[in-house]
Amino acid sequence: MDKIAHTPTPWRYESETMTIRSVPANYWLATMDSWDSSVSNTTNAAFIVRACNSHADLLAACEAIDTFFVFFDSHIPPNTGGGAREALRMVKNAIARAKE
């Protein structure tokens, strides 16, 4: 099955309409309204926009780190201080989750 592409980034939150919009195409992507005053629509929208706008850069950075450290993975001593193996595992997991 072909993957359908998401709306191009960058996205922005417009507080006056309480919507998240695509900047390049000016599409409305989501409405941020809630009947529950215990959540902040502005904070939630800002988080969504930051996550979406930084996704491609963060994935590319993780892939670069993963590629760079492939060679070093087999050369990391078993009890290396600083958690090098754990950091590499976290990078691989982040890449997998970003590509789901």
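Of the 100 residues of the protein, 18% count as buried, where buried stands for a relative accessible area under 20%, exposed for over 50%, and partly exposed for the range in between, with a 1.4 Å probe and protein chains only. The model is a predicted one, in which local features need a pLDDT of at least 70 and side-chain atom pairs count only at pLDDT 80 or more, while totals for chains, interfaces and linings use all residues. Residues are numbered from 1 along each chain as its sequence is written, and side-chain values use heavy atoms, with hydrogens and water left out.

**Fold**

The protein has two helices and three strands, and along the sequence these follow the pattern β-β-β-α-α. Helices (H or I, at least four residues) and strands (E, at least two) are DSSP runs, numbered from the N terminus.

**Backbone details**

Met18, in the loop between β1 and β2 (19-22), has a positive phi of about 55 degrees although it is not a glycine; with 28% relative accessibility, Met18 counts as partly exposed. Asn26, which is found in the loop between β2 and β3 (28-31), likewise has a positive phi, near 60 degrees, in a residue other than glycine, and Asn26 is partly exposed at 39% relative accessibility. Thr42 has its place in helix α1 and is partly exposed, with a relative accessibility of 45%. The C-alpha atoms of Thr42 and Met32 are separated by 7.8 Å, the two residues being ten residues apart along the chain.

**Salt bridges**

Side chains of opposite charge can pair when their charged atoms come close. With a salt bridge taken as a side-chain nitrogen of Lys or Arg within 4 Å of a carboxyl oxygen of Asp or Glu, a search of the whole structure finds five.

Glu86 and Arg89, by contrast, both lie in helix α2, three residues apart, about one turn of the helix. Glu86 is partly exposed, with 37% relative accessibility, and Arg89 is partly exposed with a relative accessible area of 40%. Salt bridges that share partners join Arg12, Glu14 and Arg21 into one network.

**Nonpolar surface patch**

Which residues make the nonpolar surface patch of about 480 Å²? The patch is made by Ile65, Phe68, Phe69, Phe71 and Phe72. A patch consists of residues with over 30% relative accessible area and no salt bridge, like charges being joined within 9 Å and nonpolar side chains (Val, Leu, Ile, Met, Phe, Trp, Tyr) within 5 Å; the areas come from the Shrake-Rupley method with a 1.4 Å probe, and for residues only the protein chains shown count as cover. Phe68, a member of this patch, is in helix α1 and counts as exposed, at 52% relative accessibility.

**Largest pocket**

The largest pocket has a volume of about 190 Å³. On a 1 Å grid over the protein atoms alone, a pocket is an open set of points where a 1.4 Å probe fits, with protein on both sides within 12 Å along at least five of seven lines, and lining residues have an atom within 4 Å of a point. His6, Thr9, Trp11, Ala51, Cys52, Asn53, His55, Ala56 and Leu59 form the lining, and the largest share, six residues, comes from α1. By class, the lining divides into five nonpolar, four polar and no charged residues.

Methods
Points joined across faces, edges and corners; volume = space filled by probe spheres on them. Nonpolar A, V, L, I, M, F, W, Y, C, P; charged D, E, K, R; others polar.
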